[in-house]
Structure formats: structure tokens, C-alpha cells
Amino acid sequence: QVQLVESGGGLVQAGGSLKLSCAVSGAGGVFSRYTIGWFRQAPGKERDFVAGIAWIGGKTVYADSVKGRFAISRDGAWSTVYLQMDSLKPEDTAVYYCAADRENPTTPRSGRNEYDYWGQGTQVTVSS
């Protein structure tokens with residue numbers, strides 16, 4: 001299995017920035033590789049796709065709502081996946097989750113039901 005632990009959330013003003021981290025570990029250690037996605041969920045709403053990065057080829061995809069503002073990346077060992085969030089808006093407020101897709105698609109998928117492992121989430125709050 002793959003274990004994922006998010007960190008880096010907090011309270012920021014609109015227009016500010018945060019960088020979230022997702023520490024990846026599990027069977028096989030750093031040699032277990034999966035496509036990783038970031039999702040977010042506000043109270044009473046669905047858990048929606050934010051961004052993804054593929055292990056095979058490193059292709060990144062973004063939800064339309066965050067294009068140009070958020071950037072997903074990884075460290076050289078693939079032990080940590082990041083989500084850099086700039087120009088934050090109050091509507092970005094949510095619990096942010098990272099997840100692993102064992103299908104290893106070369107284009108990250110946007111459906112939450114396509115991901116097999118999930119972190120516990122980290123709260124991001126953007127004040128107006």
C-alpha cells in the first residue's frame with residue numbers, strides 16, 4: 001500500500017500563497033510509484049480534483065478553477081509531492097487531500113473514485 005500525509009495548510013489572506021506537501025511512503029518505499037492527485041473538499045460539497053502529476057512522463061493537469069494560480073511538483077526522489085498555491089481566493093477554502101492512482105495513467109485522472117489511497121487532509125482557509 002501507499003501512505004500519504006499532507007501538511008502545510010493554514011490561514012492566509014486573499015492574494016496570499018501557501019505550499020502544501022504530501023509525503024509519500026509505503027511498501028517498496030521510494031520505489032513504489034503512482035500518479036498523484038490533489039483534491040479539495042469544502043463542507044457540504046463534493047471532493048473535487050485540483051491537480052495531478054503522472055509518475056510516467058511527469059505530465060501535470062489542473063482544474064480550470066486553479067489554472068495559472070496553482071502548480072503541482074515533486075522532489076527528485078518522488079518522496080514528496082507539492083502544491084504551490086498563489087493568488088489565493090476565499091473560494092479556495094477547503095480541506096486539501098492528496099491521493100494515489102495505482103493505474104499510473106500518463107495523464108492524471110480527475111475522478112476521485114479513480115484513486116486508491118488517500119491522505120488525512122490539511123485545512124486551507126483564505127480570508128477576504
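Buried means under 20% relative accessible area, exposed means over 50%, and partly exposed covers the values in between. The model is predicted. Arg-109 has a relative accessible area of 26%, so Arg-109 is partly exposed.

A search of the whole structure finds six salt bridges. Three of them are tabulated here.

| Salt bridge | Closest N to O distance |
|---|---|
| Asp-92 with Arg-40 | 2.8 Å |
| Glu-114 with Arg-109 | 2.8 Å |

Asp-101 is buried at 0% relative accessibility, while Glu-114 is partly exposed at 30%.

Asp-92 forms a salt bridge with Arg-40. Asp-92 sits in the loop between strand E8 (80-85) and strand E9 (94-101), and Arg-40 belongs to strand E4 (residues 35-41), so the pair ties together parts 52 residues apart in sequence. Both partners are buried: Asp-92 has a relative accessible area of 0% and Arg-40 one of 14%. Together with Arg-69, these two residues are linked in a network of salt bridges.

Glu-6, in strand E1 (residues 2-7), is buried yet has no salt bridge. Its nearest side chain of opposite charge, Arg-47, is 7.3 Å away. What lies 2.9 Å from a polar atom of the Glu-6 side chain? The backbone nitrogen of Gln-120 does, and the backbone nitrogen of Gly-121 also lies 2.9 Å from a polar atom of that side chain. Leaving out residues up to four places away in sequence, Glu-6 touches several others, including Cys-22, Trp-38, Tyr-96 and Cys-98.

Conventions:
Residues numbered from 1 in each chain as written. Predicted model: local features only at pLDDT ≥ 70, side-chain atom pairs only at ≥ 80, totals over all residues. Heavy atoms only, no water. Helix = DSSP H or I, 4+ residues; strand = E, 2+ residues; numbered from the N terminus. Buried < 20%, exposed > 50% of the residue type's maximum accessible area, 1.4 Å probe, protein only. Lys, Arg positive; Asp, Glu negative; His and termini not counted. Salt bridge = Lys/Arg side-chain N within 4 Å of Asp/Glu carboxyl O. Polar contact = N/O pair within 3.5 Å; in protein donor to acceptor, adjacent residues only side chain to side chain. Contact = heavy atoms within 4.5 Å.
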